[in-house]
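Please walk me through this protein model.

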Amino acid sequence: ASDHSPTDPALKAGDFMSAWGGIAGVQSTLAVLLDRSHEQRGLPFERISALLAETPARRFGIPRKGVLSPAHDGDLVLIDPAESYTLTASQLLQRHKTSPYLGETFDGVISRTIRRGETIFRDGAITAQTRGRLVKPLKITHA
């Protein structure tokens, strides 16, 4: 699982019951899975893809997402599994430059991200020329 709890780090101080919950870790979800699950435990790339894209899209009924297939949006993340990096605060793209993974070294580097055919991230920098759009799930009925 991943979490993203964007708030001033000062609100996370104090005792467990009164501190703001959660961590700022969503940016590192893929890095953790590539390094800790693929490199260290042999989890196949296909399974990581399913965990981060296919399964959430199916579970939440998000159309045209989650798989690389005709009639889908063609969102991709290209990685270089031979490269590694150590996470620093300057690499964080979130408002508050804190993460439980600061100082951790990860094998596997995201080299490019493509959203609906547009490169939106390349070599550590956001390159998007267009904005994302709200993706609404289909109505989910539970039996």
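**Fold, surface and selected residues**

Q: What share of the contacts in the protein chain with a separation of 6 or more comes from residues 24 or more positions apart?
A: This is a predicted model, where local features need pLDDT of at least 70, side-chain atom pairs count only at pLDDT 80 or more, and totals for chains, interfaces and linings use all residues. Residues are numbered from 1 along each chain as its sequence is written, and side-chain values use heavy atoms, with hydrogens and water left out. A contact means heavy atoms within 4.5 Å. Among contacts with a separation of 6 or more, the share from residues 24 or more positions apart is 47%.

Q: Which pattern does the protein chain follow along the sequence?
A: Helices (H or I, at least four residues) and strands (E, at least two) are DSSP runs, numbered from the N terminus. The chain has 2 helices and 4 strands. Read in sequence order, the pattern is α-α-β-β-β-β.

Q: At roughly what angle do the axes of helix 1 and helix 2 cross?
A: Two packed helices are described by the distance between their axes and the angle between them. Axes are lines fitted to C-alpha atoms, for helices over the stretch in contact, and angles run from 0 to 180 degrees between N-to-C directions. Helix 1 spans residues 29–41 and helix 2 spans residues 45–59. Their axes come within 11 Å and cross at roughly 150°.

Q: Which residues of helix 2 make the contact with helix 1?
A: Both helices contribute side by side to a list of residues. Helix 1 provides Thr29, Leu30, Leu33, Leu34 and His38. From helix 2 come Phe45, Ile48 and Leu52.

Q: Why does Glu118 count as buried?
A: Glu118 lies in strand 3, residues 118–122. Buried means under 20% relative accessible area, exposed over 50%, and partly exposed in between (1.4 Å probe, protein chains only). Glu118 counts as buried because its relative accessibility is 18%.

Q: Which residues is Glu118 in contact with, leaving aside neighbours within four places in sequence?
A: Neighbours within four places in sequence are set aside here. What remains for Glu118 is Thr113, Thr127, Ala128, Gln129 and Thr130.

Q: How far apart in space are Asp8 and Trp20, C-alpha to C-alpha?
A: Asp8 sits in the segment before helix 1. Asp8 is partly exposed, at 38% relative accessible area. Asp8 and Trp20 are 12 residues apart in sequence, and their C-alpha distance is 9.2 Å.
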